[in-house]
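Please look through the sequence and the 3D structure below. Keep both in view as you read.

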Amino acid sequence: MKVLHLDTNHELLIEQFAKLGFQNDEDYTSTKEEVEKKIHLYDGIIIRSRFTIDQQFLDKATNLKFIGRVGAGLENIDTEHAKFKGVFMASAPEGNRNAVGEHTLGMLLALLNQMCKADRQVRKGKWKREQNRGFELEGKTVGIIGYGNMGKAFAKKLKGFDVEVICYDIIGGVGDENARQVGIMEFQQRSDVVSLHVPQTESTTGMINSEFIEALHKPFWLLNTARGKCVVTKDLVTGLKSGKVLGAGLDVLEYEKKSFENMFVQKPKAFKYLRKANNVLLTPHVAGWTVESKEKLAQTIVDKIKERFC
């Protein structure tokens, strides 16, 4: 097996592939067009999010047997064409689900207790206790949309907080001891917190919009550690201004580039509002980005490739 590594990852990937007898080549700087000229030489690709693996790329990868995507999803790969070409695809949601669960919980607690605003004020010498009176998580209903690896990890972290956890998913029968699966109407009636844990698909793109926000019976906190394009930012801002959305924790933004690696270029009016809002917490797509998850992600890919081909 000749494997081309297109993104830097944990060193165990190359080390363990070498022990399996694979030839590892690294190219972290060439353009996509330059890589396309030599991709026919390789049996495997290891990538994070550097560029999109589209139909044209796959057609030039005539010997390709597998793609290892060191991340949770496969949205930067034309999965249908890859399947048609018989290419095995491995992603690693098992590798960073714990990190995402912890980050989501951290964002929620910070929002409820106004920690970021209070921190900024104290640093400026302001001591405003009443203005920073928080809310307790106990007794609230946390609604999780998308109950796969990430949703389940977040639900697990909520054990011990004396909250009701419900989940909504297009797949039936996914509820477990940590979350009760409900229909959309009950979800809308009961949720005090809405947390997104869905992949980016046609059906999830723009799913949190003005219609969704208004359908919630109670004012709620929104968390998005999934994909930025699942939330229509201008509609979220309208909800924040009206008070229907009490606060938002956003690890991902609608304006990100597809690669997830670089800062987005666009800075529209809605984003400017988010930057200034005291009830909005922003992080740069790092919910699954921990020291531990870097190793877990790489190991998951190695294990899946090894199981399939060795």
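This report covers charged side chains, their pairs and patches, and a few loop residues.

## About the model

This is a predicted model: local features need pLDDT of at least 70, side-chain atom pairs count only at pLDDT 80 or more, and totals for chains, interfaces and linings use all residues. Residues are numbered from 1 along each chain as its sequence is written, and side-chain values use heavy atoms, with hydrogens and water left out.

## Salt bridges

Side chains of opposite charge can pair when their charged atoms come close. Here a salt bridge means a side-chain nitrogen of Lys or Arg within 4 Å of a carboxyl oxygen of Asp or Glu. The structure holds 14 salt bridges.

Take Asp54 and Lys32. Their side chains form a salt bridge, with 2.7 Å from N to O. Asp54 sits in the loop between β3 (44–47) and α3 (55–60), and Lys32 in helix α2 (residues 32–36), so the pair ties together parts that are 22 residues apart in sequence. Helices (H or I, at least four residues) and strands (E, at least two) are DSSP runs, numbered from the N terminus. Asp54 is partly exposed, at 26% relative accessible area. Lys32 is buried, at 17%. Buried means under 20% relative accessible area, exposed means over 50%, and partly exposed lies in between (1.4 Å probe, protein chains only).

Lys304 and Glu94 form another salt bridge, with 3.2 Å from N to O. Lys304 is in helix α12 (residues 291–309) and Glu94 in helix α5 (residues 93–112), so this pair ties together parts that are 210 residues apart in sequence. Lys304 is partly exposed at 23% relative accessibility. Glu94 is partly exposed too, at 32%.

## A pair and a network

Asp235 and Lys234 also form a salt bridge, and their closest N and O atoms are 3.3 Å apart. Lys234 counts as exposed because its relative accessible area is 55%.

Glu164, Arg180, Glu186 and Arg190 are linked in a network of them.

## A buried lysine without a partner

Lys140 lies in the loop between α6 and β6. Lys140 is buried yet has no salt bridge. Which side chain of opposite charge is nearest to Lys140? That side chain is Asp192, 6.5 Å away. Lys and Arg count as positive and Asp and Glu as negative, while His and the chain ends are not counted. The place of a charge is taken as NZ of Lys, CZ of Arg, CG of Asp or CD of Glu.

Lys140 touches Phe135, Val163, Glu164, Asp192 and Trp221, leaving aside residues up to four places away in sequence. Contact means heavy atoms within 4.5 Å. Glu164 is also part of the salt-bridge network.

## Charged patches on the surface

Patches are made of residues with over 30% relative accessible area and no salt bridge: like charges are joined within 9 Å, nonpolar side chains (Val, Leu, Ile, Met, Phe, Trp, Tyr) within 5 Å. Accessible areas come from the Shrake-Rupley method with a 1.4 Å probe, and for residues only the protein chains shown count as cover.

A positive patch on the surface gathers Arg97, Lys156, Lys159 and Lys296. Lys159 is in the loop between α7 (149–157) and β7 (164–168). Lys159 is exposed, at 55% relative accessibility. A negative patch on the surface gathers Glu11, Glu15, Glu102, Glu292 and Glu295. Glu102 belongs to helix α5. Glu102 is partly exposed, at 46%.

Gln131 sits in the loop between α6 (115–123) and β6 (141–145). Gln131 is partly exposed, at 46% relative accessibility. Gln131 touches Gln114, Lys117 and Gln121, leaving aside residues up to four places away in sequence. Gln114 is in the loop between α5 and α6. What is the phi of Gln114? Phi is near 50 degrees, a positive value in a residue other than glycine. Gln114 is partly exposed, at 22%.

Asp162 is not a glycine either, yet has a positive phi of about 55 degrees. Asp162 lies in the loop between α7 and β7. Asp162 is exposed, at 54% relative accessible area.
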